Amino acid sequence: STLRWRIVGIALFIGFLFLILGFVLARVVTRPITEMTLIASDISDGNYSLRLPEGRFDEIGELSRVLNKLALGAEDRIEALTSNRNQLEAVLGGLSEGVVAVDLNQVVLHANDSACSILGYEQKELSGLQLKEVVTVSELSQLVNRCFLEHSAIQTTVRVASIVLNI
């Protein structure tokens, strides 16, 4: 009977030890994955400066290194795009000629201050409008359509009332 209680006691002790060991191992595996998930979520929200710890030499460490490389690449590309956009806006803003940039669907992407003044719109109002909504001179609309169809630049002069437009 005493032997039986000893065996039960030892079995309970070993079971409890395995339970603690299982809990610790589960934490060792899930903690880095939980941390990676939180940081990856922050990176996907635009916080590209965050980095995951790379001290491990297993699959989790490799995944951390890959996610860090991905975040760094995204951060570099966004910085380059922002810089290019700022340079383009500076160049377009400095022109005295009106410049309107449209996409392939002829949706206004950008218009410089001169174009806004000529067209009578604020920059915020123009962005996202169809070009045909903005340009009421049919000859200009036809020229833009021709540029898109022929994939070429067109140089011509258009007279609108007392204004001469060199296009």
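## Terms and basis of the model

Buried residues have under 20% relative accessible area, exposed residues over 50%, and partly exposed residues fall in between, with a 1.4 Å probe and protein chains only. Helices (H or I, at least four residues) and strands (E, at least two) are DSSP runs, numbered from the N terminus.

The structure is a predicted model, in which local features need pLDDT of at least 70 and side-chain atom pairs count only at pLDDT 80 or more, while totals for chains, interfaces and linings use all residues. Residues are numbered from 1 along each chain as its sequence is written, and side-chain values use heavy atoms, with hydrogens and water left out.

## Helix H6 and the residue that follows

Helix H6 has 13 residues and spans 18 Å from its first C-alpha to its last, close to the expected 18 Å. The expected span is 1.5 Å times one less than the number of residues in the helix. The buried residues of H6 are Leu140, Ser141 and Leu143. Viewed down the axis of H6, these buried residues fall within an arc of 160°, so they line one face of the helix. The arc is taken from the directions that run from the helix axis to the C-beta atoms. On the face of H6 turned away from the buried side are the exposed residues Ser138, Gln142 and Leu149.

H6 is followed by His151, which has a positive phi near 55°. His151 belongs to the loop between helix H6 (138-150) and strand E3 (157-160). With a relative accessibility of 72%, His151 counts as exposed.

Strands E1 and E2 pair in the antiparallel sense over three bridges. Two strands are taken to pair if DSSP finds at least two bridges between them. Val102 has Val108, in E2, as its bridge partner.

Five residues stand between the strands of this hairpin, and Gln106 takes a positive phi near 60° there. The loop that holds Gln106 runs between strand E1 (100-102) and strand E2 (108-111). Gln106 counts as buried, at 15% relative accessibility. Its phi is positive although the residue is other than glycine.

## Salt bridges

A salt bridge is a side-chain nitrogen of Lys or Arg within 4 Å of a carboxyl oxygen of Asp or Glu. By this rule, the count is five salt bridges. In general, side chains of opposite charge can pair when their charged atoms come close. One of the bridges joins Glu75 and Arg51, whose closest N and O atoms are 3.1 Å apart. This pair links distant parts of the chain, with Glu75 in helix H2 (residues 59-94) and Arg51 in the loop between H1 and H2, 24 residues apart. Arg51 is partly exposed, at a relative accessible area of 32%.

Another salt bridge is formed by the side chains of Asp58 and Arg56, at 2.5 Å from N to O. Asp58 is partly exposed with a relative accessible area of 27%, and Arg56 is partly exposed at 28%. The side chains of Arg65 and Glu62 also meet in a salt bridge, with 3.5 Å from N to O. Both residues lie in helix H2, three residues apart, which is about one turn of the helix. Arg65 is partly exposed, with a relative accessible area of 25%, and Glu62 is partly exposed at 43%.

## Positions along helix H2

The C-alpha atoms of Glu62 and Ile10 are separated by 41 Å, and these residues are 52 residues apart along the chain. Ala71 is also placed in helix H2. At 1% relative accessibility, Ala71 counts as buried.

## A nonpolar surface patch

Phe16, Leu19, Ile20, Phe23, Val24, Val28, Val29 and Ile33 make a nonpolar surface patch of about 750 Å². Patches are made of residues with over 30% relative accessible area and no salt bridge; like charges are joined within 9 Å, and nonpolar side chains (Val, Leu, Ile, Met, Phe, Trp, Tyr) within 5 Å. Accessible areas come from the Shrake-Rupley method with a 1.4 Å probe, and for residues only the protein chains shown count as cover. Phe16, a member of the patch, lies in helix H1 (residues 2-44).
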